[in-house]
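My plan is to go through it spot by spot and jot down what I find.

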Amino acid sequence: MKTIYSEILKAKEKGSKLLAILLDPDKITLALLSVLIPKINQSPATHLFIGGSLVTSNILDELIITLKRDCALPVVLFPGNPSQISDKADGILFLSLISGRNPDYLIAHQVQAAPILKRTQLEIISTGYLLIESGTQTAVERVSKTKPLDRSNIDLVVATALAGEMLGHQLIYLEAGSGAKQAVPINVITAVAQNIKIPLIVGGGIKDLQGIQLAHDAGADLVVIGTAFENDINFFN
């Protein structure tokens, strides 16, 4: 039964805010999970995202199996390319980098991934992915060879998000990038949230609990924490 997206929709309707912890397989070890999972279980997280711009480790399946065994949260793939697909997860954000003009990240990787996904039971959630300028070149910009949207050009960001919604995406994801110096501006989050009807995800550059709250208050339905939790597993204490 496909439930991840329907639960996100229900949360949006109720005004309940969601939180995902993003784990990059290249930045954690299986040995660390015995310490990491209790911290996740004690956190307010509602989802686990798994992936990264470049994943070179071969622990993806085992990582997901261990997480699902010891953690009740839905595990959702957040892939940088088709090689990061695992049928051990519960779902996948089927991303299209609509802020850029590199056809590989707009459609080519998706075409490669489609036959693989067809053979799985993963819940596929179409996601319009927008990279927002963050004060430094992030891994997403470097790997995708695309330029982020100007953080001060709110009209362009809103128009891009609207185009994603009109194209049929189920989610819009505003991304500052892993390790970003600056998070997505609050006024950008608010403007996008006020103009789209589908759920809004915001991630990148959020360094503390106040940042999560500000993004939620601005209109984000789901906030993603990655680097801050990787750097400090006591982040939610």
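**Entry 1: D24**

Leaving aside its neighbours within four places in sequence, which residues is D24 in contact with? I looked them up, keeping in mind that this is a predicted model. The list I got is G51, G52, L54, V55 and E230. D24 itself sits in the loop that runs between β1 (18-23) and α2 (33-42). I also checked its accessibility: the relative accessible area is 9%, so D24 is buried.

**Entry 2: the annotated site**

I went to the UniProt record next. In that unreviewed entry, the annotation "binding site" covers D24 and S53. The two span 30 residues in sequence, yet no two of their C-alpha atoms are more than 8.8 Å apart, so they gather at one spot. I then looked at the largest pocket, and its lining includes both D24 and S53.

**Entry 3: S53**

Where is S53 placed? I found S53 in the loop between β2 (47-50) and α3 (60-70). Buried or exposed? With a relative accessible area of 18%, S53 falls under the 20% cut-off and therefore counts as buried. I listed its contacts too, again skipping neighbours within four places in sequence: G80, N81, Q84, A139, V140 and V143.

**Entry 4: the core**

Time to look inside. The largest nonpolar core has 80 residues, and the ones that touch the most other members are L23, I40, F49, L93 and L174. As for where the core residues come from, β1 gives the largest share, with six residues.

Beyond its neighbours within four places in sequence, L93 is in contact with F49, V76, L77, F78, P79, I125, T127, L171, Y173 and I201. One of these, F49, is also on my list of core residues that touch the most other members.

**Entry 5: α3**

Which residues of α3 are buried? I noted L60, L63, I64, T66 and L67. These residues cover an arc of only 165° around the axis, so they lie on the same side of α3. The general rule I had in mind is that an α-helix has 3.6 residues a turn, so residues three or four places apart point the same way. What does the buried side pack against? I found β1, α2, β2 and β3 (75-77) as the partners of the buried α3 residues.

**Entry 6: salt bridges**

How many salt bridges are there? The count comes to seven.

- R69 and D70 form a salt bridge, with 3.0 Å between the closest N and O atoms. R69 is exposed at 61% relative accessibility, while D70 is partly exposed at 35%.
- D87 and K88 meet through their side chains at 3.9 Å, N to O. K88 is partly exposed, with a relative accessible area of 34%.
- E141 and K147 form a salt bridge too, with the closest N and O atoms 3.5 Å apart. Here E141 is buried at 12%, whereas K147 is exposed at 63%.

My reminder for this page: side chains of opposite charge can pair when their charged atoms come close.

Technical notes: Residues are numbered from 1 along each chain as its sequence is written. This is a predicted model: local features need pLDDT of at least 70, side-chain atom pairs count only at pLDDT 80 or more; totals for chains, interfaces and linings use all residues. Side-chain values use heavy atoms; hydrogens and water are left out. UniProt positions are given in the numbering used here, feature names are shortened, and annotations may be inferred rather than shown by experiment. On a 1 Å grid over the protein atoms alone, a cavity is a set of points where a 1.4 Å probe fits but cannot get out, and a pocket is an open set with protein on both sides within 12 Å along at least five of seven lines; lining residues have an atom within 4 Å of a point. Helices (H or I, at least four residues) and strands (E, at least two) are DSSP runs, numbered from the N terminus. Buried means under 20% relative accessible area, exposed over 50%, partly exposed in between (1.4 Å probe, protein chains only). Contact means heavy atoms within 4.5 Å. A nonpolar core is a set of buried Ala, Val, Leu, Ile, Met, Phe, Trp, Tyr and Cys residues joined through side-chain atoms within 4.5 Å. The arc is that of the directions from the helix axis to the C-beta atoms. A salt bridge is a side-chain nitrogen of Lys or Arg within 4 Å of a carboxyl oxygen of Asp or Glu.
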